[in-house]
Structure formats: structure tokens, C-alpha cells
Amino acid sequence: MVRQEAVRTLEFDRILQEISRWCHSGASRDAVLHILPLAEREGIERRFGMVEEIRRLTVQGVPLRLSAYEDITPVLEKLRPEGAVLAPPELVSCLPLLRVLAAIARQMGPRDDIPLLKELAGSITGFPDILEPLERSLDSEGNILDTASRLLFDLRSRKRALTARIRKRLEEIVRERDISIFLQDDFVTQRGGRWVIPVRMDSKGQVAGVVHDVSNSGETAFLEPLEIIGLANELENLSAEEKVEEIRILREICGWIREEADELAAQQAVLVRLDLLNAVASFADSLDARVPEIGRSRALRLVGARHPILLLLERQGNGRETVPLDLSLGEDDAVMVITGPNAGGKTIALKTAGLLLLMALSGIPVPAGETSVFPLIDGLLADIGDEQSIESSLSTFSAHVANISAILRTAGGRSVVLLDELGTGTEPVQGAALACSVLQELQEKGALVIATTHLTDIVGFVHKRDAMVNASMEFDRETLTPLYRLKKGEPGQSHALEIARRYGLPDEVIERSRSMLGRMETEFHSLLDELKGQRMKYEETLAELERRGRILAGEEQRLEERRAGWERERRESLEKAFRESKDIVSGVKRELNAILEEARRERSRDSMKKLAAVEERVEERLREMVGEPSLAMDQVREGDTVFVRSIGFDGVVVKPDPRSGRVRLLAAGKELEVPVSDLAPRRGAAPKPSRKPRRKEEREEVPHQLHLIGLRVDDALKKLEPFLNHASLDGIREVRIVHGKGTGALMRAVREHLEGHPLVESFREGEPFEGGTGATVVKIR
């Protein structure tokens with residue numbers, strides 16, 4: 001339950017007035033002005049959700065297609081009796097509503113990103129069967145159009161043609177010589193719906209016709225010539241038929257509306273809800289308001305909250321900058337007492353908390369951070385302002401006591417109570433005692449309480465009680481101006497003497513007042529000043545720590561970026577080394593095949609030298625890539641142990657020869673001579689145990705064919721290359737490779753490998769007795 005006094009004192013009704021300015025009809029304005037807090041969380045979150053969907057549409061550039069419309073409830077009530085027919089102006093009032101409904105129906109149809117709005121307004125059709133004939137039949141002024149029916153169009157066309165004939169004949173008559181001499185003037189006009197000419201009263205018998213009117217002066221008779229009476233009668237008949245057709249059209253349209261009256265009323269109600277939600281969304285956009293959290297506990301938390309009315313004044317250029325309010329209550333503390341100077345913002349903080357709570361529970365976004373939390377309550381009770389009444393014989397104190405008595409009777413575990421200037425209006429000691437007792441009673445009832453006061457006795461009571469907390473509005477002692485910032489956990493001071501001096505009270509009065517203050521109170525205020533000074537130091541220290549933390553975070557981010565850069569460079573280097581290694585292996589493979597072919601043909605020692613040269617070149621390239629250190633001649637001395645790359649283990653230097661650039665070593669019990677570039681720092685690698693060489697006659701004979709059936713391409717090619725090498729070294733001129741048919745993938749891979757191979761002179765598909773397409777016969781060079 002929200003007391004009406006709380007709605008009024010917190011100015012929630014003014015917020016609703018501001019929202020109603022965004023409405024498009026009187027019906028939706030009335031609906032906005034009757035908004036009240038919702039009792040169920042689901043209803044609040046649902047309204048928030050629909051408002052946010054409307055705001056998203058606006059951001060996307062496709063706001064709801066709403067425009068001004070009228071409440072057609074009175075029209076529908078008049079039409080409900082069977083046979084009732086309304087005048088065209090009354091029917092025209094339905095057009096704006098039907099057009100808006102049709103626009104909303106077209107907008108909602110194709111969209112799937114506004115589920116809540118579609119659930120609300122998905123049933124809107126726009127009544128095209130009524131809108132189309134109504135637009136065809138009536139203009140905006142309520143006149144029936146020629147396009148209302150074919151018959152009406154025909155009748156009006158005939159009327160216009162006949163009227164033109166009559167006017168033309170009358171104009172001819174007034175110009176005839178034998179008639180014009182009897183006329184008062186030469187114009188053509190109408191009297192009583194009949195076409196007439198002005199004839200002098202003394203000559204009316206000279207012109208054949210019927211007199212329909214006489215001028216005010218009595219000198220002119222308005223006469224209908226006899227020869228156009230037939231045409232005029234025919235025109236009257238056409239007008240009667242036109243009237244009958246117009247009545248038929250109106251009766252038909254009214255019948256269509258009567259049939260859909262209930263559905264029209266239902267869709268208008270949905271449109272009013274849409275208009276209400278759109279007004280709330282527009283108001284929220286104007287304040288940059290946010291959807292808060294409706295908590296499941298009784299905690300109240302305001303983050304960066306601003307009073308909406310002050311914010312509106314600021315946006316309109318009529319107010320000062322609004323200072324954000326941070327306030328939390330209900331987690332550890334249930335009662336907060338705010339103290340501070342007059343005009344320091346205590347009451348504004350109180351009203352901001354109460355007003356934003358009402359807005360949030362009504363599904364209206366609030367001008368506060370999205371992390372703000374509002375409890376779901378069943379009672380908001382407030383005693384704010386001076387309620388004294390001469391008629392009721394109530395003083396300020398009596399009015400406060402009456403309000404607080406009603407609050408104590410109503411408050412419970414799901415109530416929020418706002419008390420302004422608690423304990424004032426009477427003798428301070430007794431007022432403070434009553435105030436402390438009231439706070440304790442409300443705390444025991446489980447209510448959340450925010451109160452303001454100037455009484456120091458209340459501050460001391462709150463300080464000693466569990467679940468109660470003092471708070472203050474900050475004040476600049478140097479400039480004697482309020483800062484409007486709430487500080488939780490420390491009481492404030494009224495600074496009455498400082499403010500009085502600022503506003504011109506004589507210094508001798510101020511000093512005399514200061515001397516009259518009790519010693520204990522003076523010490524109390526001095527202690528408050530000391531505490532505030534310490535708090536400011538702590539805040540400065542905390543700000544410095546936060547600044548250093550931000551610097552460290554920045555350094556950490558820069559280091560992480562550098563580490564990522566190093567990692568990226570490492571990956572790129574590895575990729576480059578892999579590509580270069582692959583190129584080296586491919587080149588060496590080609591050279592080895594060519595050298596093996598030459599060795600097979602010539603059996604010369606030159607081939608062995610070429611192999612050694614290739615090996616040395618490969619090792620040099622690999623040393624460059626790996627960055628392995630080499631030893632210079634001046635680093636090699638007799639007796640040093642060094643690593644010999646060519647044999648893969650360590651040896652002892654016997655004698656270095658700087659002139660030839662070679663070094664004699666002792667390794668594995670044998671003496672050898674190597675270039676200095678083949679040496680590296682000692683690795684501790686020992687020679688592997690030697691194995692006796694196999695005799696030539698023990699070497700297995702190289703087969704003349706290779707079976708690859710069932711192998712993958714990579715595995716097959718690994719077997720194919722050594723097979724060709726051994727065949728070439730053994731002088732085999734022709735071999736057969738059996739790869740099978742299958743999908744043909746293995747056959748293609750084998751033949752692509754053979755194509756351009758240095759050991760292959762040619763190859764062909766096998767004969768039928770050789771395996772046909774399942775085998776390839778290779779001729780070795």
C-alpha cells in the first residue's frame with residue numbers, strides 16, 4: 001500500500017504529468033495519470049521489457065507509428081442500439097484511431113525481435129474492411145465524398161450538369177433586351193434553394209415566373225423564371241435521391257462498425273496501453289533513464305541516482321547541475337539517519353530515494369545506474385514537509401505526530417518509511433527522545449527507514465544501535481557551501497553558526513552564540529571535524545592506491561602485448577624455418593638423385609666428393625637457421641675437446657693448422673683432419689659403438705617389383721623413393737610398381753612422383769599379363 005500523502009509529497013504525480021505529455025490521446029493521458037506501483041515482480045519486469053523494446057525500435061530508427069487519435073468509446077456507445085445512424089462528423093472521429101491501428105498492425109507483422117510487444121499488440125488488425133470504405137466515403141471535415149458509391153457519383157454528376165444548364169439559361173435571360181429593362185440588377189442567385197433573378201418590384205408582373213423572396217428594402221422581388229421551373233424541379237428530385245443515397249451509405253458504415261464494436265473497443269484498449277508504454281519510453285529517453293533491478297531481498301541500493309524533476313529542470317536550462325546520489329540500505333543496516341546543514345540536500349536525498357522507488361515499482365526506468373536495486377515492497381510511508389493545519393487545529397509538531405502514529409500502525413517487514421526532520425517542532429530533548437523511540441519501534445517491525453534530523457542526541461543513539469547507521473551531507477567548510485554528496489557511516493553537522501555568518505549575522509552575535517554552546521557539544525563537533533579530516537586522508541590514500549593500481553594495470557597490459565608480439569614473431573620464425581628447411585630438403589633430394597645416377601653410371605670418386613660437398617652445404621644452411629655457434633681458429637688449442645659435426649661426437653684437438661684452416665683431431669681412437677668450420681663447442685657426445693660391416697655377398701637382393709596395394713599415398717611414396725634408389729644402384733633397368741586400380745588416387749600419386757624423377761627414364765601402364773592398369777612399369781636410367 002502506498003499512502004496518497006506519500007505520492008503527493010514525493011511528487012510522483014508530477015512525474016506522471018511529465019510522462020502524459022508524450023501521449024497521443026486523452027484516453028492514454030488518463031491512463032498515465034492513474035499509474036500506480038505494481039504488486040507483482042512479473043508485472044514490473046514485463047512492463048520494463050516492453051518499454052525497452054520500444055526504446056530499441058527508436059534507436060533503430062523505426063519508432064512506434066503512433067499519431068494523434070480520439071477516444072471512440074462515446075461513438076461506439078451511440079452505435080450499439082440497432083438501427084442507430086451517426087452523423088458524418090461523428091464517424092470521421094473514428095478515422096485517426098483506425099489509421100493508427102492499421103499502421104501498428106503493419107509494423108508488428110514482420111518483426112520477431114519484439115516478442116513482448118507482439119504478445120500485447122499482435123492481435124491488432126486495423127479493421128481494413130471498415131477503414132477503406134470510411135476513407136473512401138468521408139473527408140476530414142465529415143463531408144460525404146462522391147466516391148462513396150457509384151450511384152452517388154452519378155447523381156451528383158447529373159446535379160452538377162443540370163445546375164450548370166440552369167445558371168447558363170438564367171444568365172442568358174438577364175441579358176435579353178426585353179427582360180433586362182425590368183431587372184434591378186444583372187446577377188443570378190438562390191432563394192430557398194431555387195434559382196432566381198432580381199426584378200424591380202414595380203415590374204414583377206412583366207416577367208413570367210414565381211416570386212420566392214423580397215429584399216429588405218421592398219424594392220426587389222427575387223423571381224424564378226417560368227421556363228426554368230421544370231429544370232429546377234428536376235434538380236430538386238436529384239437532390240432528394242442524393243439524400244436517400246447518403247443516408248443508405250451512412251447506415252451501412254454504421255452497421256459495419258456496430259458489428260465490430262466489441263473488438264474495436266478491445267483494440268483501442270491495447271492501443272492505449274501501447275501509447276502509455278511509448279510515453280514512458282520517451283520520458284525515459286529524455287532523462288537517459290535505465291532499467292534497475294527489482295531485488296529479491298529488502299535491500300535498497302542507489303548508484304548515481306538523480307532526482308528526475310531536478311534533472312528535467314537542468315535539461316531545460318532552469319536549474320543547477322544535479323549531483324548524483326549513492327545510497328545503500330537493507331543489507332547490514334535497516335535504519336539510516338542523515339544529518340547535515342540546512343539546504344544541504346538531506347530532504348532531496350530522502351525524496352530521491354522515495355520517488356525512484358515509486359517509479360521502479362511502477363515499471364518506469366529511473367535516472368540511476370543499471371546496478372541500482374529496489375526492493376519489492378507493499379508499503380511506502382512518508383512524513384515529509386510541514387503539515388500544520390489551522391482548520392484542524394494542528395501545529396507542526398502535532399501534524400508530524402499524527403502522521404507518524406499512522407505510519408507506526410501500518411509499517412511492517414515489507415515497508416519503506418521516510419521521515420523528514422525527525423524530532424523537530426518541540427523541545428529538543430523530548431523531541432529527540434520521541435524520535436529515538438520511533439526509530440527503534442520501526443526497526444523492530446522490520447521496516448527500512450531513512451530519516452533526516454538536526455538533533456545530535458539522535459545521532460548518538462543511532463551510533464550505539466546495531467543495524468542503524470548515521471550518514472551526512474557533505475559541506476565545504478572553506479566556502480561554506482553544501483556539496484550535496486551523501487557520506488554513509490559518519491554524522492554531519494548543521495554548521496548553523498557558519499551559515500549565519502555567511503548570510504550577514506554580526507560577528508559579535510556569532511561569537512556570543514559560540515560561547516553559549518555547551519562544552520560537551522563543542523567537543524562533540526570538534527571530534528566530528530577530526531573524524532572527517534581522517535576520513536579525507538584515507539580517501540586521498542585510497543585514491544593514490546587506485547591511481548597506482550591503474551598504472552600497474554597499464555604496465556601489465558603493455559607487457560602482455562609485448563609478450564604476445566614476441567610469441568607472434570616466434571611463430572613466424574618457426575614457420576619461415578620450416579619453409580626454408582622444406583626447400584633445402586627438396587633441393588638436396590634432387591641433387592642426391594642426380595649424384596646417385598651419376599655414381600651408378602660412372603662409379604667414380606668424383607660422385608663421393610659431390611655427396612660430401614652437398615652434405616657440407618646442407619649443414620652450413622642448417623647452422624645458419626638454427627644459429628648454432630662455430631669455433632674460430634684462434635679459439636682452438638691443442639688438447640681442447642670440441643664437437644665435430646661431421647661425425648656427431650666430441651674429439652680432442654691434436655694440432656690446429658691456421659694456414660690451411662684445418663684441424664687434426666683424435667676421435668674414437670682414430671686420427672682425422674677436418675676444416676675448422678666443422679667444429680663447435682664441446683657437447684659431451686660420445687661415439688656410438690661400431691658395428692661390423694656386412695659383407696657384400698650378405699646384402700639382400702633388390703626385388704624387381706614393389707607392392708603398394710592397401711597403403712595410403714604418403715606411406716606408399718615413402719617406400720617408392722628408396723626402392724628406386726636401390727634399383728638404380730644395383731643396375732636394374734626395369735621395375736614394376738603394383739598399386740592396384742581402386743579409386744585411382746594411388747595410381748595418380750605414383751605416376752606424378754615418377755614424372756620428372758632424375759632416376760626414371762620413362763614409365764608405362766602394365767600389359768595385361770603385367771597387371772594392366774593396376775601396375776606401372778618403370779624404366780630406370
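What percentage of the 781 residues in the protein chain is buried? Buried residues account for 42% of the chain. The model shown in these views is predicted.

**View 1. Overview of the protein chain.** The protein chain holds 24 helices and 23 strands. Among its contacts with a separation of 6 or more, 66% join residues 24 or more positions apart.

**View 2. An open sheet of 4 strands.** The strand order is β1-β2-β4-β3, and the pairing is antiparallel. β1 (189–191) and β3 (209–214) are the edge strands. Each has a single partner strand, so one side of each is left without a neighbour in the sheet. From one strand to the next, the twist averages 55°. Strands of a sheet pair through backbone hydrogen bonds, in either a parallel or an antiparallel arrangement.

**View 3. Pairing of β1 with β2, and the helices packed on the sheet.** β1 pairs with strand β2 (residues 194–200) over 3 bridges, in the antiparallel sense. Within this pairing, Q190 stands opposite W195 of β2. Helix α10 (residues 150–175) packs on the sheet and touches β2 and β4 (220–225). The direction of α10 makes about 10° with that of β2. Helix α12 (residues 229–259) also packs on the sheet, where its contacts are with β2, β3 and β4. The direction of α12 makes about 145° with that of β2.

View 4. Helix α15 covers residues 346–361. At 1.5 Å a residue, its 16 residues should span 22 Å; the end C-alpha atoms are 23 Å apart, which agrees with that expectation. The helix is mostly covered, with 14 of its 16 residues buried. Just after α15, G363 takes a positive phi of about 75°.

View 5. S415 lies in strand β11, which runs over residues 415–419. Its relative accessibility is 5%. Buried means under 20% relative accessible area, so S415 counts as buried. A polar atom of the S415 side chain lies 2.9 Å from the backbone nitrogen of G412. With neighbours within four places in sequence left aside, S415 is in contact with D378, G379, T410, A447 and L448.

Methods. Residues numbered from 1 in each chain as written. Predicted model: local features only at pLDDT ≥ 70, side-chain atom pairs only at ≥ 80, totals over all residues. Heavy atoms only, no water. Pairing = 2+ DSSP bridges. Helix = DSSP H or I, 4+ residues; strand = E, 2+ residues; numbered from the N terminus. Axes fitted to C-alpha atoms, helices over the stretch in contact; angles between N-to-C directions. Contact = heavy atoms within 4.5 Å. Buried < 20%, exposed > 50% of the residue type's maximum accessible area, 1.4 Å probe, protein only. Expected span 1.5 Å × (residues − 1). Polar contact = N/O pair within 3.5 Å; in protein donor to acceptor, adjacent residues only side chain to side chain.
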